[in-house]
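This briefing sets out selected features of a predicted model.

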Amino acid sequence: MGMFDWVDYECECPVCGAKVTGFQTKELDCDMDTVTPQQALFFYSICSGCGAWLVAQYVEPVAAHIHIEASKKNGDRVLKNYAFKPAKPL
Ligand SMILES: [Zn+2]
């Protein structure tokens with residue numbers, strides 16, 4: 001029994017542009033499995049470049065994209081949407 005599942009997603013930080021990986025979710029079974037953004041729907045990571053906290057949401061169905069809300073250390077927030085093409089239909 002783990003604490004979360006990994007999410008197969010990475011993006012550039014909306015704040016500083018660094019590559020952000022290691023997204024996690026608690027929306028599913030939390031068995032340390034790797035799931036897709038479509039399965040997780042909500043997931044999060046932290047930028048190793050600037051320390052911003054990134055909360056990501058998979059948005060469907062009109063035009064699939066990933067909505068990122070990045071919280072800087074000083075509390076400011078940066079919002080950004082990234083286009084997302086699912087690897088395969090569910
Ligand atoms: Zn950053």
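**Overall form**

The protein has a radius of gyration of 13 Å, which agrees with the value near 12 Å that a compact globule of 90 residues would have. The model is predicted, and its C-alpha trace spans about 35 × 35 × 20 Å along the principal axes.

**Composition and contacts**

- The secondary structure consists of 1 helix and 9 strands.
- In sequence order, these elements follow the pattern β-β-β-β-β-α-β-β-β-β.
- Of the 90 residues in the protein, 23% are buried.
- Among contacts with a separation of 6 or more, 40% are between residues 24 or more positions apart.

- Strand 7 (residues 53-59) and strand 8 (residues 65-71) run antiparallel and are joined by 7 bridges.
- Within this pairing, alanine 56 is placed opposite isoleucine 68 of strand 8.
- Strand 8 also runs antiparallel to strand 9 (residues 77-83), with 7 bridges joining the two.
- Here isoleucine 66 faces tyrosine 82, a residue of strand 9.
- The hairpin of strand 8 and strand 9 has 5 residues between the strands, and glycine 75 in this hairpin adopts a positive phi near 95 degrees.

**Lysine 26**

- Lysine 26 lies in the loop between strand 4 (24-25) and strand 5 (34-35).
- Lysine 26 counts as partly exposed because it has 13 C-beta neighbours inside 10 Å.
- From C-alpha to C-alpha, lysine 26 and leucine 79 are 22 Å apart in space, and they are 53 residues apart in sequence.

Terms used. Residues numbered from 1 in each chain as written. Predicted model: local features only at pLDDT ≥ 70, side-chain atom pairs only at ≥ 80, totals over all residues. Pairing = 2+ DSSP bridges. Helix = DSSP H or I, 4+ residues; strand = E, 2+ residues; numbered from the N terminus. Buried ≥ 20, exposed ≤ 12 C-beta atoms within 10 Å, placed from the backbone. Rg over C-alpha atoms; globule rule 2.2 N^0.38 Å. Contact = placed C-beta atoms within 7 Å.
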